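Here is a short report for someone meeting this structure for the first time. Keep the view open while reading.

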Amino acid sequence: MISSNSRVILEVRDLCASIGGIEILKGVNLTVRSGEVHAIMGPNGSGKSTFSKVLAGHPGYTVTRGEVIYNGKNLLDLPAEERAREGVFLAFQYPIEIPGVSNSSFLRLAYNTMQAHRGGEELDPLEFDDFIREKCKLVEMDPGFLDRSVNEGFSGGEKKRNEILQMAVLEPKLSILDETDSGLDIDALRIVAGGVNKLMTPDNAVIMVTHYQRLLNYITPDFVHVMRSGRILKTGGRELALELEARGYDWVRAEAAA
Amino acid sequence: MSTPLEALINRPYEYGFVTDIESDVVPKGLSEDVIRLISKKKNEPEWLLEFRLSAYRQWLTMAEPAWANVSHPKIDFQNISYYSAPKPKKKLASLDEVDPELLRTFEKLGVPVHEQKMLANVAVDVIFDSVSVTTTFKEKLAKEGVIFCSFSEAVQHHPELVKKYLGTVVPSTDNFYAALNSAVFTDGSFCYIPKNTVCPMELSTYFRINTEESGQFERTLIIAEESSYVSYLEGCTAPRFDTNQLHAAVVELVALDNAEIKYSTVQNWYAGDENGVGGIYNFVTKRGLCKGANSKISWTQVETGSAITWKYPGCVLLGDNSIGEFYSVALTNHHQQADTGTKMIHVGRNTRSRIVSKGISAGYSNNSYRGLVKIGAKAEGARNYSQCDSMLIGAACGANTFPYIEVLNSTAKVEHEASTSRIGEDQMFYFASRGIGSEEAVSMIINGFCKEVFNHLPMEFAVEATKLLGLKLEGSVG
């Protein structure tokens with residue numbers, strides 16, 4: 001989907017971050033342009049999820065070095081909620097349950113906050129109901145879920161679908177999908193991936209963090225990056241994922257060390 | 001470290017101002033002479049003075065309860081003034097003659113004392129320190145036969161009703177603070193709903209403590225005759241002082257056959273500052289008697305203020321098929337302590353009770369639910385359902401649940417459920433990553449948590465309560 005007039009959405013330079021005094025990211029570099037899909041792969045503990053959370057602004061992590069430029073702004077200067085309002089979206093690996101808060105009122109608050117920021121029109125509950133029912137179709141979600149408490153009692157697959165529903169509602173410029181494929185059966189994976197594909201436009205971009213290449217059968221990446229020990233060690237195209245699937249990760253480190 | 005969550009709980013108390021008004025204050029200390037003086041000031045009949053003196057003599061033999069999960073320095077009962085009233089210029093004939101300073105006070109508190117400016121359909125009794133200042137809509141209510149006035153007025157105009165019911169639900173010997181109240185109570189509200197009458201409006205009492213060294217000892221009595229219905233609400237605030245004030249109220253409700261009383265409280269006494277200095281000691285005895293068959297009493301409380309809260313609004317389910325309900329949100333922050341819950345005493349057959357308690361603790365506060373469900377030997381087919389949920393905000397607060405269950409009848413069915421959850425960084429981050437700021441996030445989480453209780457508040461007050469919780473929690477999450 002890369003078009004000739006694509007522009008840089010995200011520029012990560014030498015990003016280092018730690019939690020509790022332990023350095024997890026040790027100099028990440030990444031450039032993402034509009035219309036692109038990037039996959040970040042790597043073994044457990046390589047820093048993939050940390051990278052996602054640091055981009056979204058999780059307050060538990062301290063950025064010790066480097067910079068992140070997002071649409072010309074220094075992203076690291078903004079608190080998490082402002083990053084979200086600027087169009088950065090994180091689909092959680094483990095979405096949080098919020099008892100007593102209905103999914104529809106949560107989504108409406110999020111949507112209206114975003115609209116207020118963009119100078120768009122806010123929707124009242126009735127208008128929002130029409131709006132959200134259309135969005136539900138995108139992830140084949142039963143509108144009955146709208147009346148239930150956010151993620152409470154949802155199955156793993158339902159939670160992940162709910163994340164993509166939120167993505168559909170907020171229409172982010174940069175979506176970071178943190179292991180959205182984990183815990184999904186084949187049907188759910190097809191639905192979730194289908195939703196993401198429908199939401200792709202030449203103006204936005206997606207970073208997918210995943211262990212497995214099977215997600216990439218459904219969402220085709222333009223770039224595949226291998227992360228290890230807090231750095232991106234190797235970058236390639238779609239075929240790199242297949243090679244990783246066949247050979248594992250160790251050869252990448254050996255190659256990088258050589 | 002001041003995280004957004006922390007920054008959110010610490011908004012200042014809005015009602016902490018003091019009204020500069022000349023007051024008639026009885027010198028500090030408690031004795032039979034002081035009680036005689038209060039009784040005389042209120043022009044009370046002999047039997048009421050006797051009620052007070054006998055309670056006082058009982059009180060002298062009683063000890064303060066030590067079982068609650070709260071701690072405070074010993075209260076010096078001789079260092080409290082037991083009567084404080086704004087000095088009237090002359091006898092008041094109408095609201096126009098009430099001291100404008102007082103009216104301004106209540107305006108500032110958002111309490112509607114002018115009937116034309118009122119919330120539609122709410123009658124208010126306004127109590128300032130020890131006395132009732134005014135009661136609105138009295139005439140309109142009188143047309144339906146509903147009596148709604150200050151307790152002092154009821155003693156003067158309806159002594160037979162007061163005498164018949166006073167102390168029948170909460171005997172003066174019930175506990176230390178009930179005995180103290182029975183000896184020195186000064187004012188409160190009185191409601192009487194006649195047979196087959198649905199009270200045409202919400203009744204409400206607004207309590208305001210203004211004097212630093214006085215206590216407030218109000219007495220409320222609500223009687224619902226056969227097949228009547230009333231919804232009653234009380235609200236409370238107090239100025240910000242560095243000292244602690246004692247508030248020891250007694251509330252008695254009586255519901256006869258097929259009658260229903262719905263009693264709601266939004267308690268926002270001054271809670272002390274962020275270091276736990278000052279605040280009200282709220283030691284209150286509230287009880288309803290479902291005397292008649294098929295009667296129903298429902299308590300809904302939103303407790304957000306007071307340095308220490310010690311109260312257990314309960315129901316004695318005497319009439320067959322009678323129903324008791326208790327819906328509570330208790331929020332504590334900083335160094336507040338709350339030990340609150342309910343007592344459901346099942347005596348009659350097929351009596352039912354339902355308890356929904358939501359405790360929210362933040363800061364260094366300690367929040368305990370304490371509840372008793374007692375099924376008597378003759379309470380065939382009695383049923384109880386209790387649900388106690390606690391929410392912790394931050395790592396330094398505490399939540400406890402102390403359920404007591406006594407069952408003497410094998411046909412009874414008693415259920416108890418409890419849960420504990422925490423608002424933490426991850427929950428806040430989830431909201432933030434959807435563009436929602438911490439203030440709105442906390443408010444949404446808390447309101448979700450309390451929804452089941454708020455649903456039982458009268459509409460206008462549900463909105464108030466929602467706002468109040470938001471204010472109290474500003475800056476506390478972190």
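Predicted model: local features only at pLDDT ≥ 70, side-chain atom pairs only at ≥ 80, totals over all residues.

Residues are numbered from 1 along each chain as its sequence is written, while chains are lettered from A and ligands numbered from 1 in the order in which they are written.

**Sheets of chain A**

Start with an open sheet of six strands. Its order is β6-β9-β10-β3-β11-β12 (chain A), and the pairing is mixed. Helices (H or I, at least four residues) and strands (E, at least two) are DSSP runs, numbered from the N terminus. Two strands pair if DSSP finds at least two bridges between them. β6 (88-91) and β12 (231-236) of chain A are the edges; each has a single partner strand, so one side of each lacks a neighbour in the sheet. On average, neighbouring strands of this sheet are turned by 20° against each other, direction ignored.

Strand β11 (residues 223-228) of chain A runs antiparallel to β12(A), joined by five bridges. A:M227 has A:I232 of β12(A) as its bridge partner.

A second open sheet has four strands, in the order β2-β1-β4-β5 (chain A), with antiparallel pairing. Its edge strands are β2 (22-33) and β5 (73-74) of chain A, each pairing on one side only. Nine bridges link strand β1 (residues 8-19) of chain A to β2(A), and the two run antiparallel. A:E11 stands opposite A:T31 in β2(A).

**Helices of chain A**

Helix α1(A) packs on the four-stranded sheet. There α1(A) touches β1, β2 and β4 (62-70) of chain A, and its direction makes about 70° with that of β2(A). Helix α1 (residues 48-56) of chain A also lies across β3 (37-41), β6, β9 (174-178), β10 (205-209) and β11 of chain A, running at about 145° to β9(A). Axes are lines fitted to C-alpha atoms, for helices over the stretch in contact, and angles run from 0 to 180 degrees between N-to-C directions.

The axes of α5(A) and helix α6 (residues 186-199) of chain A come within 10 Å and cross at roughly 10°. The two helices are therefore roughly parallel (angles under 35 degrees count as such). On the α5(A) side the contact includes A:I164 and A:M167; on the α6(A) side it includes A:I191 and A:V192. Two residues are in contact if their C-beta atoms, placed from the backbone, lie within 7 Å. By class, this contact has eight nonpolar, two polar and two charged residues. Ala, Val, Leu, Ile, Met, Phe, Trp, Tyr, Cys and Pro count as nonpolar, Asp, Glu, Lys and Arg as charged, and the others, Gly among them, as polar.

**Where the chains meet**

The contact takes 23 residues from chain A and 18 residues from chain B. On the chain A side, α3(A) gives the largest share, five residues. That side has 14 nonpolar, seven polar and two charged residues.

**Chain B**

Chain B has eleven helices and 23 strands. Of its 478 residues, 56% count as buried (20 or more other C-beta atoms within 10 Å of a residue's own; 12 or fewer is exposed, and in between is partly exposed).

Strand β12 (residues 260-267) of chain B is mostly covered, with eight of its eight residues buried. β12(B) pairs with β14(B) in the parallel sense over eight bridges, and B:Y263 stands opposite B:W299.

The largest nonpolar core has 192 residues; B:A224, B:L253 and B:I261 touch the most other members. Such a core is a set of buried Ala, Val, Leu, Ile, Met, Phe, Trp, Tyr and Cys residues joined through C-beta atoms within 7 Å. Helix α10 (residues 438-454) of chain B supplies the largest share of this core, nine residues.

Most residues other than glycine have a negative phi.

Definitions and conventions
Parallel < 35°, antiparallel > 145°, perpendicular 65-115°, else oblique.
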